[in-house]
Each structure stands twice: as structure tokens, then as C-alpha cells.
Amino acid sequence: MSSKRQIFQTASTISVFVLLFTLYSLTEGKVYEKCPLARIMDKQKISSRSLISNWVCLAMAESGGDTGKVTTLDNESTNYGIFQINSKTWCREGRKGGRCNKKCEDFLTDDLTDDIECAKQIYNDGGFETVSPQWKKMATKQISWTIVGVVLIVLPAVINAKIYTKCELARQLTANGISRTYQGHWVCLAIAVSGLDTEKTTTLPNLSANYGIFQINSKEWCRVGYKGGKCNMKCEDLVTDNITNAIKCSKIIQQQNGFNEWVMWQKKCKGKDLPDIANCAAIG
């Protein structure tokens with residue numbers, strides 16, 4: 001009888017090990033280094049390139065880059081994956097659900113597609129502090145731009161950006177229905193806020209960001225990763241060399257709030273000499 005019990009216990013132990021091994025194999029988790037992680041984030045367009053160092057910093061602080069990390073919390077919810085996404089609000093265990101409509105277990109594989117989709121949604125709902133309550137502490141210890149910059153410089157350009165001349169911008173303003181009367185103000189505004197650089201992105205203290213040639217803000221006017229905000233646009237669509245969307249959204253802003261919406265317009269353009277565009281072919 002005793003030998004039968006021993007055999008049963010041995011078989012049970014083996015079964016447990018087999019089960020654990022199977023579960024481990026199914027999750028296919030891995031630990032990412034900073035540079036491969038930055039490449040994947042850039043490829044999947046988690047945000048503009050200027051914010052990728054923040055995302056890498058967050059992932060390293062939360063999980064050490066480990067996609068298989070699971071953390072049980074005191075409130076009996078659980079954080080999953082490389083971004084430690086919580087089961088109480090954002091996903092459901094064993095089935096799709098939560099605000100991201102995802103299975104929590106799908107955050108534990110080396111395919112970061114679901115993680116990135118959900119993390120973008122969390123960010124758009126409230127910034128990096130929503131993704132990670134510890135963000136304020138982490139923000140002072142961000143990964144050097146050099147690390148991410150070196151990684152991204154070897155990637156194919158995913159954003160076709162350019163620096164406009166005054167006359168090129170005037171030409172685009174005309175093509176998009178901006179009255180010649182006010183074009184001097186628009187050109188002055190673009191010079192003041194971005195130096196006419198369509199790719200410029202500026203992260204602000206409130207953890208929102210300004211995008212593109214007119215520095216349009218993500219908190220109110222656009223959304224990272226999907227169309228939204230008062231302009232119903234993706235912020236990433238404001239940082240290409242095609243500035244049609246940037247002009248459309250800026251017109252909405254100007255119509256609602258006037259040029260005073262832009263602090264730099266007040267400082268650099270209001271009541272001052274405007275750029276001379278009289279000889280530009282587009283309006284000559």
C-alpha cells in the first residue's frame with residue numbers, strides 16, 4: 001500500500017512539472033534588451049520617436065524587459081507582461097475583456113503586439129502616469145537619448161519629415177485654403193514653435209506632447225496611435241512632410257481659440273513684424 005502511495009505521489013509530482021513546463025512553453029516569454037525593444041516599439045509605432053526612450057524606460061523599470069513577468073497585488077488583481085498591465089481594469093484572465101478587450105495571458109508572450117496596443121490605450125487615457133503610477137519617480141532617471149537614438153538611426157525612416165522654407169509653407173497654406181491675409185501669421189507661428197520642422201515633437205511636464213510643424217497638443221487635439229481629440233486625428237499623422245492634416249487641425253484650433261492658443265505666437269508674432277512672404281511664387 002505504501003509503495004502504491006509513493007508511486008502515486010511520484011506520478012503527481014511529475015504531472016505538476018509537466019504542466020508547469022507546458023505552461024512555460026506556451027507563454028513563450030523572453031527578456032528584451034533596450035535596443036531590440038526600441039526597434040520593436042518603433043516598428044509598431046507605439047508613439048513618435050521622441051517618446052520611445054520613455055517607453056523603454058518604463059518597460060525596464062516595471063519588468064526589467066521581461067515579457068513573462070506576473071505580479072500579484074494586495075487587491076487580488078495581477079499585473080502582466082513587459083508593461084505590467086493590470087487585470088482589474090485593462091484585461092481579463094482566461095478571456096478577452098477589460099478596457100483593452102484583451103486576455104491578460106496574451107501579454108506574456110514575446111509578441112508585443114497586444115501589449116503595445118493596450119499600453120497605447122492606457123497612455124491615451126491619462127499619460128505615462130496611468131500606465132505606471134511610479135512614472136514620476138522614473139522620469140528623472142530616463143534612459144539616455146544616445147541609446148535609443150543610435151538604435152533608431154539605423155532603421156529605415158518611418159516618418160517622412162522635412163524642414164520647410166517660408167515660401168514652401170506659404171504654398172501649402174494656399175493649397176489648403178488659408179487666406180493670404182493671415183498667411184504671415186501662420187508662417188510666423190510655425191517658425192516660432194517648430195522652426196518649420198514637421199517632425200518636431202515636444203514632451204511637456206503634464207506628460208502630453210506637442211506634434212509637428214504647428215506643435216499640436218495630444219491632450220486636447222489628437223491621440224497617439226488612433227484618431228481622436230477635437231481634431232479627430234492621430235498625432236503621428238501630424239509629423240510627416242505632408243502637412244495637410246497639420247493645417248486642418250491648426251485651422252480648427254485657430255477658429256476655436258484664436259492664435260493666442262499658441263504662447264509662442266503671442267511672444268514672437270503678435271504685434272510684431274511678420275515674415276516677408278510677399279515674393280513667394282505661391283502668393284505673388
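Which residues does S87 touch, not counting residues up to four places away in sequence? In this predicted model, S87 touches S77, T78, Y80, R92, E93 and C104, where contact means heavy atoms within 4.5 Å. S87 is found in the loop between β3 (85–86) and β4 (91–92). With a relative accessible area of 10%, S87 is buried; buried means under 20% relative accessible area, exposed over 50%, and partly exposed in between, with a 1.4 Å probe and protein chains only.

Residues are numbered from 1 along each chain as its sequence is written. Because the model is predicted, local features need pLDDT of at least 70 and side-chain atom pairs count only at pLDDT 80 or more, whereas totals for chains, interfaces and linings use all residues; side-chain values use heavy atoms, with hydrogens and water left out.

The chain contains 11 helices and 8 strands. Helices (H or I, at least four residues) and strands (E, at least two) are DSSP runs, numbered from the N terminus. Of the 284 residues of the chain, 42% count as buried. Among contacts between residues at least 6 apart in sequence, 55% join residues at least 24 apart.

Two strands pair if DSSP finds at least two bridges between them. The bridge partner of N79 in β3 is N86.

Another open sheet of 3 strands has the order β6-β7-β8, again with antiparallel pairing. Its edges are taken by β6 (201–203) and β8 (216–217), each with a single partner strand, so one side of each is left without a neighbour in the sheet. In general, strands of a sheet pair through backbone hydrogen bonds, either parallel or antiparallel. Between β6 and strand β7 (residues 209–211), the antiparallel pairing extends over 3 bridges. T203 has A209 as its bridge partner in β7.

The largest pocket holds about 260 Å³ of space. On a 1 Å grid over the protein atoms alone, a cavity is a set of points where a 1.4 Å probe fits but cannot get out, and a pocket is an open set with protein on both sides within 12 Å along at least five of seven lines; lining residues have an atom within 4 Å of a point. Grid points are joined across faces, edges and corners, and a volume is the space filled by probe spheres set on the points. The lining of the largest pocket comprises 14 residues, of which N210, Q215, E261, W262 and V263 lie nearest its centre. The elements giving two or more residues to this lining are β8 and α11 (263–268). By class, the lining residues divide into 7 nonpolar, 4 polar and 3 charged; Ala, Val, Leu, Ile, Met, Phe, Trp, Tyr, Cys and Pro count as nonpolar, Asp, Glu, Lys and Arg as charged, and the others, Gly among them, as polar.

W262 is also one of the residues touched by W186. W186 is placed in helix α9 (residues 180–194) and counts as buried at 4% relative accessibility. Not counting residues up to four places away in sequence, its contacts also include L169, L173, I178, F214, S250, K251, Q254 and F259. The C-alpha atoms of W186 and L173, which are 13 residues apart along the chain, are separated by 8.2 Å. Helix α8 (residues 166–175) contains A175, which is exposed, with a relative accessible area of 64%. A separation of 9.0 Å lies between the C-alpha atoms of A175 and T244, 69 residues apart along the chain.

Positive phi values occur in residues other than glycine, including N101, near 55°, and L196, near 70°. N101 is found in the loop between β4 and β5 (102–103) and counts as partly exposed at 47% relative accessibility. L196 is found in the loop between α9 and β6 and is buried, with a relative accessible area of 8%.

An unreviewed UniProt entry places the feature "domain: Glycosyl hydrolases family 22 (GH22)" at residues 100–118 and 231–249. UniProt positions are given in the numbering used here, feature names are shortened, and annotations may be inferred rather than shown by experiment. Residues 100–118 are 32% helix and 11% strand, and their end C-alpha atoms lie 5 Å apart. Over residues 231–249 the chain is 32% helix and 0% strand, with the end C-alpha atoms 5 Å apart.
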